[in-house]
Amino acid sequence: MAEEGLAVVVERSRTEAVIDELRAAGIYDDARSVRPDGEDCVSVPVTDVPAGVDYREVVRQVGDARHRDLDDHLRELGWTDAERDAAPSSWAVLGSVVLVEVGDAPRPGELGEALLALHGGANTVLARGPVTGDHREPDVSVIAGAGDTEVVHTEHGTKYAMDLAEVMFSPGNKAERARMGETVEAGERVVDMFAGIGYFTLPMARAGADVTAIEHNPAAFRYLLENVRLNDVTERVRPYRADCRAVLERTDAATDVTADRVVMGYYDADEYLDAALGALSPGGVVHVHEATPEPLAFDRPVERLRAAAADRDRTVMVLDTRRVKGYSEGVAHVVVDARVE
Ligand SMILES: C[S@@+](CC[C@H](N)C(=O)[O-])C[C@H]1O[C@@H](n2cnc3c(N)ncnc32)[C@H](O)[C@@H]1O
């Protein structure tokens, strides 16, 4: 059954941001597909001509009824019920890239084609493997599309430029990134010990905090610098490409880092608690992340923090404990917020 309706033509690179604006305006028509429109543009379905959204032209979309979801597309590709049951139930759209864990899906190439058809604004589908090493490097492979892995992903107004083939990005930490932006006070002195491309640093700096952002992976650090410029927070971020322990334990005046808040967004954060507490002013707050077997959540990270504080004759008041997301079978990514006197 043919469906038709209005659509606005925009540059492919703006698809995600425009869909967010149209959703906010209540006129994004998700009963129809985003469709390619020429080389670099797409047509985004709308229920009304938008005001205040930048677009090239308004067109009338005429064509097949939208395949409602991935299952429709895979059925059309001839996947059996059992094969479709093995297809992933979630994926992330980051700029023009779809990031998906293929799992047991039988034909990754076809899965990729189906995801490209579903997300007209995307031009590449990446199969997401494990993140490894202390540089947290992703293991990804292109399963469909142009293979262009550099994106600018916008989330809660924060822009993240990154090459998804070089640096990790965890869609599951979305709420935690937003929370850090909402938690800080303007003018607060914050140390982000494991800054990456600016996952937490950017929302915190955009909220007015002064952030010392430390990252030792050269590729991630390069994007950190680019993202600080992209989000116009150069005045509020001090980036260091170095080992965070070395920076925090330096005693020369130039890098004397005393913080009201220390963010430890790294699963091996417990190995750096002493350096973190050394930089944290009395009464300051620390956010310690950990991958914890469910039965040990939240006692283990809290005990580790209490022990490190005791070594410095300091006391810990736990403010909050959260489950950020599942990490693996029986293991959770958790975070402990604590005030340290
Ligand atoms: C897991 S990632 C950050 C993830 C981020 N918290 C998020 O929400 O997605 C940890 C980052 O810390 C960096 N890193 C690990 N050990 C470090 C160290 N000793 N000094 C500085 N950076 C470090 C890694 O290169 C990586 O970019």
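Q: OK, how is the protein divided into domains?
A: There are three: domain 1 covers 2-60, domain 2 covers 70-148 and domain 3 covers 169-340. Keep in mind that the model is predicted.

Q: Let's take domain 2 and domain 3. What distance separates their centres?
A: Taken over C-alpha atoms, the centres of domain 2 and domain 3 are 31 Å apart.

Q: And how many residues are in contact there?
A: 8 residues of domain 2 touch 8 residues of domain 3.

Q: What area is buried between the two?
A: About 670 Å² between domain 2 and domain 3, with carbon and sulfur atoms giving 58% of it. On the domain 2 side, Asp134, His135 and Arg136 lose the most area to domain 3, and together they make up 58% of what that side buries.

Q: How many salt bridges across that interface?
A: The rule finds 0 between domain 2 and domain 3. Polar contacts do turn up, with 2 residue pairs counted between these domains.

Q: Which classes of residue does domain 2 put against domain 3?
A: That side has 3 nonpolar, 1 polar and 4 charged residues.

Q: Switching to the ligand: which residues come nearest?
A: Asn173, Glu215, Asp243, Cys244 and Gly265, out of 19 residues around the ligand.

Q: What does glutamate 215 do with its side chain there?
A: An N or O atom of the glutamate 215 side chain sits 2.6 Å from a ligand oxygen atom.

Q: And glycine 265?
A: With glycine 265 it's a backbone N or O atom, 3.0 Å from a nitrogen atom of the ligand.

Q: Where does aspartate 134 come in?
A: A polar backbone atom of aspartate 134 is 3.3 Å from an oxygen atom of the ligand. Asp134 is also one of the residues of domain 2 that lose the most area to domain 3.

Q: How much of the ligand does the protein bury?
A: The protein buries 96% of the 600 Å² that the ligand exposes when taken alone.

Key:
Residues are numbered from 1 along each chain as its sequence is written. This is a predicted model: local features need pLDDT of at least 70, side-chain atom pairs count only at pLDDT 80 or more; totals for chains, interfaces and linings use all residues. Side-chain values use heavy atoms; hydrogens and water are left out. Domain bounds come from an automatic or database domain assignment. Contact means heavy atoms within 4.5 Å. Buried area is the accessible area (1.4 Å probe) that two parts lose on being put together, summed over both. A salt bridge is a side-chain nitrogen of Lys or Arg within 4 Å of a carboxyl oxygen of Asp or Glu. A polar contact is a pair of N or O atoms within 3.5 Å; within protein, one must be able to donate a hydrogen and the other to accept it, and residues adjacent in sequence count only if both atoms are side-chain atoms. Ala, Val, Leu, Ile, Met, Phe, Trp, Tyr, Cys and Pro count as nonpolar, Asp, Glu, Lys and Arg as charged, and the others, Gly among them, as polar. A residue is near a molecule or strand if one of its heavy atoms lies within 4 Å of it. Accessible areas come from the Shrake-Rupley method with a 1.4 Å probe; for residues, only the protein chains shown count as cover.
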